[in-house]
Amino acid sequence: METNESVRKIAVFASGTGTNAENIIRYFQDVRCGIEVALVVCNKAGAGVIERATSLGVPVRVMAAAEIRNPEQMLAVLDEYEIELIVLAGFLLMVPDFILGRYAGRIINIHPSLLPKFGGKGMYGRHVHEAVVASGETETGITVHHVTDKCDEGGVIFQASVAVDPSDDAETVEAKVHGLERKHFARVIREFMEGI
Ligand code: GRF
């Protein structure tokens, strides 16, 4: 039996619906590999992720952008939950420099395209999939990457792709990409954390 101290702890940062956060929480609750999601940080009151995480027994801190950007306040929260790795899953704020410094090499994000394509400012959620369809791409996918102070530019950890068919629209592309996220993201997080 693991003692609680030996469990390595992840914080998931999310702003929206939280399907990825939920999948990640469930994965680590099921596989019992000595890693757990110990905290969800959300910057949007009322976001779906709050209820999803709460119902799975994971503490949620809803924090305004100003609180997240306050080093004393934010680092105290991360320390309180002994967070070792930060995973962004649909988190729409830039990560402040003091967190990048403290968690160098230990902050990862998932982006719903094959970066460097369709990344950068304004490229989030449905906008990404609309741009993919509008530009006639024949494939898209997911990218798990390191987080830096440049939006969507950190080193790639993992990519997976899926075909975009002529009959696809943004909605069907989004569903395909969510399928890839469900299939891969939690396992990639586990493998990454086991390697650091
Ligand atoms: C996902 O498509 C993820 O790749 C992107 O934002 C979306 C979040 O969806 N970064 P959800 O809130 O996890 O449902």
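A polar contact here is a pair of N or O atoms within 3.5 Å; within protein, one must be able to donate a hydrogen and the other to accept it, and residues adjacent in sequence count only if both atoms are side-chain atoms. This is a predicted model, so local features need pLDDT of at least 70 and side-chain atom pairs count only at pLDDT 80 or more, while totals for chains, interfaces and linings use all residues. Residues are numbered from 1 along each chain as its sequence is written, and side-chain values use heavy atoms, with hydrogens and water left out.

| Ligand atom | Polar backbone atom of | Distance |
|---|---|---|
| oxygen | Thr17 | 3.4 Å |
| oxygen | Gly18 | 2.7 Å |
| nitrogen | Ile110 | 2.9 Å |

On its own the ligand has 370 Å² of accessible area (Shrake-Rupley method, 1.4 Å probe), and the protein covers 85% of that. The residues around the ligand (a heavy atom within 4 Å) are Thr17, Gly18, Thr19, Asn20, Gly90, Ile110, Pro112, His178 and Glu181.

His178 sits in helix α7, residues 170-194. Helices (H or I, at least four residues) and strands (E, at least two) are DSSP runs, numbered from the N terminus. With 30% relative accessibility, His178 counts as partly exposed; buried means under 20% relative accessible area, exposed over 50%, and partly exposed in between (1.4 Å probe, protein chains only). The C-alpha atom of His178 is 9.2 Å from that of Gly141, 37 residues away along the chain.

Helix α7 turns up again in the core. A nonpolar core is a set of buried Ala, Val, Leu, Ile, Met, Phe, Trp, Tyr and Cys residues joined through side-chain atoms within 4.5 Å. The largest one has 41 residues, and Ile10, Val12, Val87 and Ile189 have the most contacts inside it. Its largest share, eight residues, comes from α7. A second, separate core has 24 residues, including Leu39, Ile68, Leu78 and Ile99. Val12 touches (heavy atoms within 4.5 Å) several residues, among them Ala21, Val37, Leu39 and Val87.

What about α2, residues 48-55: which of its residues are buried? They are Val49, Ile50 and Ala53. They span an arc of only 105° around the axis, so they lie on the same side of α2; the arc is that of the directions from the helix axis to the C-beta atoms. Their cover includes β1 (8-14), α1 (19-31), β2 (35-42) and β3 (60-62). On the face turned away from that buried side are the exposed Glu51 and Ser55. Just after α2, Gly57 has a positive phi of about 80°.

Technical notes:
Lists of a residue's contacts leave out its neighbours within four places in sequence.
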